[in-house]
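Thank you for making the time this morning. Please have a look at the sequence and the model on the screen, and then I will walk you through them slowly.

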Amino acid sequence: FPTSGGTGSTPANVFVRPHDFELSTHANGRPSFGAIVNRINAAGPQVKMILKSDFGEQVDVEISQDRFKELSIEVGSRVFVSPKEIKIFINDYSI
């Protein structure tokens with residue numbers, strides 16, 4: 001997930017749970033990145049999707065059935081992805 005504002009060079013991993021993403025069909029002013037919907041599994045109360053982000057990474061997303069119907073997205077749709085909660089893990093290799 002692209003970040004900005006940092007000046008350090010410490011490697012880090014960013015983790016966002018699939019249900020901690022918000023999807024939109026247009027940029028809404030919130031920090032987001034673009035992606036294409038590659039797969040949709042709409043069985044059950046949560047719709048599970050696999051997206052390919054503009055920076056080439058696979059992103060797993062889960063949204064409610066109501067939100068899925070509201071967005072009217074399908075495989076191949078372009079979406080904008082905003083994380084609601086981010087966890088950052090600093091890769092500290094010092095001993």
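This is a predicted model: local features need pLDDT of at least 70, side-chain atom pairs count only at pLDDT 80 or more; totals for chains, interfaces and linings use all residues.

Let me begin with I88, which is exposed, with a relative accessible area of 55%; here, buried means under 20% relative accessible area, exposed over 50%, and partly exposed in between, using a 1.4 Å probe and protein chains only. Residues are numbered from 1 along each chain as its sequence is written, and side-chain values use heavy atoms, with hydrogens and water left out.

I88 sits in strand β7, residues 87–90, where helices (H or I, at least four residues) and strands (E, at least two) are DSSP runs numbered from the N terminus. Together with V14, I86 and I90, I88 makes a nonpolar surface patch of about 350 Å². A patch is made of residues with over 30% relative accessible area and no salt bridge, with like charges joined within 9 Å and nonpolar side chains (Val, Leu, Ile, Met, Phe, Trp, Tyr) within 5 Å, and accessible areas come from the Shrake-Rupley method with a 1.4 Å probe, where for residues only the protein chains shown count as cover.

Stepping back to the whole chain, there are one helix and seven strands, and along the sequence they follow the pattern β-β-β-β-β-α-β-β. Of the 95 residues, 27% count as buried.

How many salt bridges does the structure hold? There are three, a salt bridge being a side-chain nitrogen of Lys or Arg within 4 Å of a carboxyl oxygen of Asp or Glu.

One of them joins the side chains of E22 and R30, at 2.9 Å from N to O; E22 is partly exposed at 28% relative accessibility, and R30 is also partly exposed, at 35%.

Another brings together the side chains of R78 and D54, at 2.7 Å from N to O. Because R78 lies in strand β6 (residues 78–83) and D54 in the loop between β4 (46–53) and β5 (58–64), this pair ties together parts that are 24 residues apart in sequence. R78 itself counts as partly exposed, at 38% relative accessibility.

The remaining pair is R67 and E70, whose side chains meet at 2.4 Å, N to O. These two residues are three apart in helix α1 (residues 65–71), so they are separated by about one helical turn. R67 is partly exposed at 25%, whereas E70 is exposed at 57%.

While we are in helix α1, please find D66, which also belongs to that helix and is exposed, with 60% relative accessibility. The C-alpha atoms of D66 and V47 are separated by 9.4 Å, and these residues are 19 apart along the chain.

Finally, let us turn to the space inside. A search of the whole structure finds one cavity of 30 Å³ or more, and the largest cavity holds about 30 Å³ of space. On a 1 Å grid over the protein atoms alone, a cavity is a set of points where a 1.4 Å probe fits but cannot get out, and lining residues have an atom within 4 Å of a point; grid points are joined across faces, edges and corners, and a volume is the space filled by probe spheres set on the points.

Which residues line the largest cavity? They are F15, V16, R17, D20, E85 and K87, and this lining divides into two nonpolar, no polar and four charged residues.

Note on methods: On a 1 Å grid over the protein atoms alone, a cavity is a set of points where a 1.4 Å probe fits but cannot get out, and a pocket is an open set with protein on both sides within 12 Å along at least five of seven lines; lining residues have an atom within 4 Å of a point. Ala, Val, Leu, Ile, Met, Phe, Trp, Tyr, Cys and Pro count as nonpolar, Asp, Glu, Lys and Arg as charged, and the others, Gly among them, as polar.
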